[in-house]
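Here is a note for a colleague who is coming to this structure for the first time. Please read the numbered points with the model open beside them.

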Amino acid sequence: DLHELKGESFGAAALIVFYAFSGFETLTVAAGEMKNSRENLPFAIMLVISFCSFLYLIIQCVAMGMMGDSLGDSQMPLAEASQILMGESGKWVVSVMMLISIGGINLSASFFTPRSGAALAEDGMIPKQIGMKGRFGTPTWAILVTVGVTGILALSGSFAHLAMISVISRFAQHISTCLAVIVLHKKIEPS
């Protein structure tokens, strides 16, 4: 059924877009270590989102102009557009850069996720043992739990499944954070 196929395509596209714009929220993790974070953090987040939006728009326009109707059928559109523009070496350069980018995302998550786990443990939302610091002041158990869970997930599915898990968990986190802001605003608001 064509209607069902369009719905699946829209869902997959929405998943990719949300995944592409995820990560900016990790800037808030470093807010406690920033100078003048109350002013600098909103500016930094808006700057990152604006820059990424502009970059994605330019890349999409170039890819659409170069590949035309075949863009929708491509498994690696940026690499294929680079191949059209620069030949086989362009495809390899873009493919290697994508791997480096994905490695950077994973490296960033390896710092951010255990830190979040340790904070949840300190607040009593998960077992306190997960937040215990090791010999070097790192949240050893949070790191081990993160490695274990992500290792199992990485070995059990494809990138699409992992991206879907990431998007759904981040979306749930965003919804709960927005609701918490409303609740805290009402509690703190002077009468």
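1. In which helix is S82 found? S82 is found in helix α3, which spans residues 77-86, where helices are DSSP runs of H or I of at least four residues, numbered from the N terminus. At 11% relative accessibility S82 counts as buried, a term for residues under 20% relative accessible area, whereas exposed means over 50% and partly exposed lies in between, with a 1.4 Å probe and protein chains only. Leaving aside neighbours within four places in sequence, S82 is in contact (heavy atoms within 4.5 Å) with G87, G90, K91 and V94.

2. Please bear in mind that this is a predicted model, in which local features need pLDDT of at least 70 and side-chain atom pairs count only at pLDDT 80 or more, while totals for chains, interfaces and linings use all residues. Residues are numbered from 1 along each chain as its sequence is written, and side-chain values use heavy atoms, with hydrogens and water left out.

3. Helices α3 and α4 pack at an angle of about 150°, with their axes 6 Å apart; axes are lines fitted to C-alpha atoms, for helices over the stretch in contact, and angles run from 0 to 180 degrees between N-to-C directions. That makes α3 roughly antiparallel to α4, since angles over 145 degrees count as roughly antiparallel, those under 35 as roughly parallel, 65 to 115 as roughly perpendicular and the rest as oblique. The contact is made by L78, A79, S82, Q83 and M86 of α3 and by E88, S89, G90, K91, V94, S95 and M98 of α4.

4. Helix α4 (residues 88-122) also packs with helix α5 (residues 140-156), at an angle of about 125° and with the axes 8 Å apart, and the two are therefore oblique to each other. On the α4 side the contact is made by T113, P114 and A118, and on the α5 side by A142, I143 and T146.

5. N36 sits in the loop between α1 (2-20) and α2 (37-67), and N36 has a positive phi of about 55° although it is not a glycine. Most residues other than glycine have a negative phi. With a relative accessible area of 45%, N36 is partly exposed.

6. L162 lies in helix α6, residues 159-188, and counts as partly exposed at 28% relative accessibility. Not counting residues up to four places away in sequence, L162 touches L153 and A154. L162 and I102 are 60 residues apart in sequence and 13 Å apart in space, C-alpha to C-alpha.
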